[in-house]
Amino acid sequence: MFTRSATRVWPDEPTVRERLFSERHDLVSERTLDVEADSARYGQLDGPFHSYERTVEAGADEIVERTDYRLRIPWFGWLFALPVWAHLARRGSDLDHPARTKPPWWAPPDRIDERQALVLGLLAAASMSSAFTNTLFTQTAEFAAENFGVGDFGFGVGGAIVRAGIIFALPFAVLADRIGRQRVMRIVAWAAPIITAMGALAPTFPMLVATQSVGRPLGLALDFLIAVVVAEEMPRNSRAYAVSVMAMASGLGAGIAVMALPLADVGPGGWRYVYVVTLIWLVVAVDITRRLPETVRFVREHVASPPFDRRRFAVLATVAISANFFVAPASFFQNRYLREIRDFDAGTIALFTLTTATPAGIGLVIGGRLADIRGRRRLIAVTVPIAASLILVSYTVDGPPMWLSAFGGGFIGGIALPALAVYRTELFPTGNRGRAAGLLTASALAGGVGGLLLVGQLLDRGWSYGQAIGLVALAEIVVVVVVLTMFPETAHRELEDLNPVDRLSAPSDRGSP
């Protein structure tokens, strides 16, 4: 973390002087430190910077504005370095408008503080680790199955068993509600990559499935705890934005797994080297252990064991099951489809995945901001059927249309994801938010298991990939209907407004774990 400077020279004109010699309230909210006739100093009252000072000095015919700042965003500070510098350097050029009170378009809709910036960066790094462990089996299973001589049905059963391993993640969800999010995240951040990497030593396909049935769920436990911490730490108008950042980081983690996939072409057992790469995420575990704080809402007094809203859970679980009934097989069978039907090798599969999935990152940015500003429900209703249709098309055509439809499906799906994902932690109180997130993840996995088993059986019976994926895609109709008729709108609302029990807890019921 280094001190950076943004300096700009302006003409000494009345409008410019008035603009520069005033407090700014955009990415950072300033406070006046010192003002004289031809000079002024402003510091940070509220904002994401570790240190911040803006000085303005007027000369004979020019005004020099200099901003010195230190921004502490772990792992992803480089990504924000240029946008932050550019924003600070050109703020005074916006002379046709009054001083803006909103952050720039690429920043969260709410102004975040230094702690929230730190947590956001750490959680994004953890999201990369989680996504890598969750993606690894999906990307390598086809190569391992071929190496061990496993057929379509056995391949599908293996995928289903790995997803059923979610039962190993549920105790961590309950534990997080009892002893805290921080302590449990430390455990799974270490355990997930270590156990997943053991797949490199598997002597048979069932043993590979066994290792991933534990390692992958631990990665999922890390993922749903990340979602809980995001909900509890971020301001009310920026939760979906934060979810989109986590999803982009997850995409990067999954992308690293895909980029490692060409190692599978080294030889019949080359897929084992991809599992060894998992150990790089132990670096993230070290950082999580050192710097991740406990969430403000968990530390604050709250009802330790509030009633579990079964109706809300049933509604959210229905959507989770229905969505993953399509998404899981569409994702899991993609590599097999490309290898069997389109005759792609590992390198071409990696290129296809990276080329068609990368646009989802842009969609995530757009979707997160739209969900926070415009609301979640209508966004889901519009984007989900379009994304499902385009992904289905990619299983029925060849050549450029296949690449373009997969590209479009990833982009539109990226827009939908933040609005869908943010619900799983918003509608439950602090005392059982972890448990609800874990159970919803398990519900989604159950839907995925059903989709995988069905598609695997249909393929073994001679159905085409397009026919099988088209059948499970019908589940997305359920997603749209339930969201429109039964989901509340949660944008712009505090978690305590959505969960009144966190406001109304009696002293005898309250805990400060």
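Helices are DSSP runs of H or I that hold at least four residues, numbered from the N terminus. The model shown here is a predicted one, and it holds 28 salt bridges, of which a few are described below.

**A salt bridge within one helix**
- Asp 287 forms a salt bridge with Arg 291, their closest N and O atoms being 2.9 Å apart, and because the two are four residues apart in helix α10 (residues 282-291), about one helical turn separates them.
- Asp 287 is buried, with a relative accessible area of 7%, whereas Arg 291, with a relative accessible area of 29%, is partly exposed.

**Salt bridges between separate parts of the chain**
- Glu 114 forms a salt bridge with Arg 72, with the closest N and O atoms 3.1 Å apart.
- Since Glu 114 lies in helix α3 (residues 114-148) and Arg 72 in the loop between β5 (62-71) and α2 (77-90), this pair ties together parts that are 42 residues apart in sequence.
- Arg 336 forms a salt bridge with Glu 142, the closest N and O atoms being 2.2 Å apart, and this pair links distant parts of the chain, with Arg 336 in helix α13 (residues 334-340) and Glu 142 in helix α3, 194 residues apart.
- Both Arg 336 and Glu 142 are buried, and they belong to a network of salt bridges that also links Glu 146, Arg 339 and Glu 340.

**Packing of two helices**
- Helix α12 (residues 310-332) packs against helix α19 (residues 433-460) at an angle of about 40°, with their axes 6 Å apart, and the two are therefore oblique to each other.
- The residues of this contact between α12 and α19 divide into 17 nonpolar, six polar and no charged.

Note on methods
Residues numbered from 1 in each chain as written. Predicted model: local features only at pLDDT ≥ 70, side-chain atom pairs only at ≥ 80, totals over all residues. Heavy atoms only, no water. Axes fitted to C-alpha atoms, helices over the stretch in contact; angles between N-to-C directions. Parallel < 35°, antiparallel > 145°, perpendicular 65-115°, else oblique. Nonpolar A, V, L, I, M, F, W, Y, C, P; charged D, E, K, R; others polar. Salt bridge = Lys/Arg side-chain N within 4 Å of Asp/Glu carboxyl O. Buried < 20%, exposed > 50% of the residue type's maximum accessible area, 1.4 Å probe, protein only.
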